[in-house]
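Please keep the sequence and the fold side by side while reading, as the paragraphs below move from one part of the chain to another.

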Amino acid sequence: MDFAALREAAAGNPWWAIWPEISLGCLALSLLILEIVWPKAQHGRIPAWSILGQAAILGCLLASFDTSYRSTFNGLLAQSPGGQLMRVFFLFSSILVSILARASLPRQRVSRVEFHHTVLVVTAAMMLLVQSRNFVMLFVALETVTVGLYILVSYYRSNPKTLEAGLKYLVMGALSSALLLFGIVLLYGVAGSPGLVGSTAEAMRYAALRVFLEANPHSFMAAAGIVLVIAGVAFKIGAFPFQIWVPDVYQGAPTPVTAFLAVASKAAGFIVLLVLVTEVFPPYEWLVTPVLSFMAATTILFGNLAALKQHNVKRLMGLSGVSHAGFILLAVIAAVHSAQAVGAVYFYLFAYLIASFAVFGVMTVLAGPDDSRQELGDYSGLGRESPFLAGVLACGLGSLAGIPPLAGFLGKFFVFVAAFRAGHFGLLAVAIAGVVISIYYYFGWIRATYFSDESPLSEDTRRRVDAGAGTLVRLALAALAAASVVLGFYQGPLGRLVSGH
């Protein structure tokens with residue numbers, strides 16, 4: 001091994017290129033240091049320090065958004081406009097999760113500092129995950145995210161539902177990681193076989209693997225590896241038939257963690273899939289498109305039909321999230337031939353972030369000590385007791401349903417246009433049917449909030465509504481509701497991304 005060459009390569013690594021991830025890591029360590037240094041009476045200020053630190057990193061990131069984009073760390077990572085946009089996405093998500101956790105964690109006898117520390121580490125890993133251009137980097141970043149989420153899902157250790165959710169997520173996550181790793185090994189083995197045309201010793205690199213796939217467009221082993229990789233990623237995004245864990249885990253996890261799973265974790269999986277489909281697997285479009293098309297259609301139908309009978313709102317959000325995964329898959333399929341479809345994926349993810357966190361924010365305010373027990377009936381009379389919370393909830397649900405002029409409507413519209421231009425008319429018909437079905441259960445929730453004749457809010461729920469969750473949570477909810485409306489009228493840079501300019 002030439003150590004001089006290794007030292008020279010390491011010396012050329014541009015560490016400044018990953019300063020947001022390094023900053024999040026340093027911020028996470030500072031929380032643990034502050035817990036040791038500060039008196040116990042001041043530990044309640046540490047979550048605020050985390051939020052301020054994330055806000056500062058986000059501000060610096062936005063200020064330096066238009067930076068140079070190139071491959072870094074010998075091809076392990078790639079700086080791109082999409083990766084930069086997802087950095088902003090994950091920081092927004094982590095800030096919102098931290099804000100909701102400040103309202104949720106005090107109701108439980110659990111450590112608060114470790115929760116915020118883990119959120120920061122997972123956020124940094126997600127940023128690296130979507131910039132990965134090497135399967136080694138992909139797997140390390142993905143497992144860092146997954147292990148952190150294992151901890152967060154089961155954070156309320158005294159709640160049996162939470163422990164059950166953590167166990168199910170652990171088992172299913174281990175299975176998905178095994179499938180993904182087996183697929184990577186198959187691809188590495190077949191691409192490194194000297195007897196095949198285009199074989200390479202660098203099969204872990206996306207670019208080198210694509211060259212091999214182009215030279216061998218009908219290899220059975222490569223096809224099997226691709227299917228296993230897609231299956232491993234499909235677990236992470238909750239696509240059919242790998243969605244079985246979603247309702248139970250969403251119900252049992254703490255509500256801020258459920259929001260993190262529903263938005264940030266799902267988005268990371270979709271960007272990974274988008275990169276693989278558009279940059280690595282195009283030579284196997286004959287295989288990838290039918291597999292993803294089957295997943296998209298069945299995911300949309302299963303998610304919407306299963307949500308119709310749900311009364312627990314966390315399970316309902318989980319199953320509706322499954323249906324949204326199907327809509328985004330539709331754009332991913334179209335992205336093989338359309339740059340506008342890539343923009344549609346990003347726009348949909350941002351619209352989904354705004355709407356989902358608005359809904360989960362209201363759920364956090366209304367949740368009791370056991371936040372897994374949230375039923376539709378618990379929202380009866382909310383419109384009379386708290387017009388503000390009811391309005392935020394209605395904006396979030398309306399956007400998820402795709403009602404104009406909210407951002408979710410445009411997100412679905414852009415996806416449908418991309419699918420139409422790509423010629424996926426059958427999938428488009430399934431997606432439209434899914435939208436029609438989803439209106440029933442989303443508006444059933446809104447009807448319970450505003451028009452239900454059942455018993456009013458319970459005394460405990462009314463007390464939590466009256467107490468609220470603090471000024472910061474109310475400001476965040478108001479900003480999310482306003483953003484959902486504003487983005488429906490003015491898309492700004494996101495609109496230019498969708499149009500391809």
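A residue is called buried when its relative accessible area is under 20%, exposed when that value is over 50%, and partly exposed in between. The model shown here is a predicted one, and within it Arg87 counts as buried because its relative accessibility is 2%. Its partner is Glu21, with which Arg87 meets in a salt bridge, side chain to side chain, at 3.0 Å from N to O. The two lie in distant parts of the chain, Glu21 in helix H2 and Arg87 in helix H4, 66 residues apart. Glu21 also counts as buried, since its relative accessibility is 6%.

Helix H2, which spans residues 19-37, also holds Leu29. Leu29 has a relative accessibility of 49% and therefore counts as partly exposed. Together with Ile33, Ile36 and Val37, Leu29 makes a nonpolar surface patch of about 440 Å².

Helix H4 leads on to the largest pocket, to whose lining it gives nine residues, the largest share. The volume of this pocket is about 1,000 Å³, and among its 42 lining residues the closest to the centre are Phe65, Leu85, Val88, Phe350 and Leu494. Besides helix H4 (81-104), the elements that give two or more residues to the lining are helix H3 (46-63), helix H11 (255-280), helix H14 (339-366), helix H20 (471-489) and helix H21 (492-499). Sorted by class, the lining has 31 nonpolar residues, seven polar ones and four charged ones.

Another salt bridge is formed by Arg315 and Asp248, with 2.7 Å between the closest N and O atoms. Arg315 belongs to helix H13 (residues 313-334) and Asp248 to helix H10 (residues 246-252), so that parts 67 residues apart in sequence are tied together. Asp248 is partly exposed, because its relative accessible area is 24%. Arg315 and Asp248 are also members of a network of salt bridges in which Glu164 and Lys168 are linked with them.

Note on methods. Residues numbered from 1 in each chain as written. Predicted model: local features only at pLDDT ≥ 70, side-chain atom pairs only at ≥ 80, totals over all residues. Heavy atoms only, no water. Patch = residues over 30% accessible without salt bridge, like charges linked within 9 Å, V, L, I, M, F, W, Y side chains within 5 Å. Areas by Shrake-Rupley, 256 points an atom, 1.4 Å probe, with all protein chains shown as cover. Salt bridge = Lys/Arg side-chain N within 4 Å of Asp/Glu carboxyl O. Helix = DSSP H or I, 4+ residues; strand = E, 2+ residues; numbered from the N terminus. Buried < 20%, exposed > 50% of the residue type's maximum accessible area, 1.4 Å probe, protein only. 1 Å grid on protein atoms, 1.4 Å probe; cavity = no way out; pocket = protein on both sides within 12 Å on 5 of 7 lines; lining within 4 Å. Points joined across faces, edges and corners; volume = space filled by probe spheres on them. Nonpolar A, V, L, I, M, F, W, Y, C, P; charged D, E, K, R; others polar.
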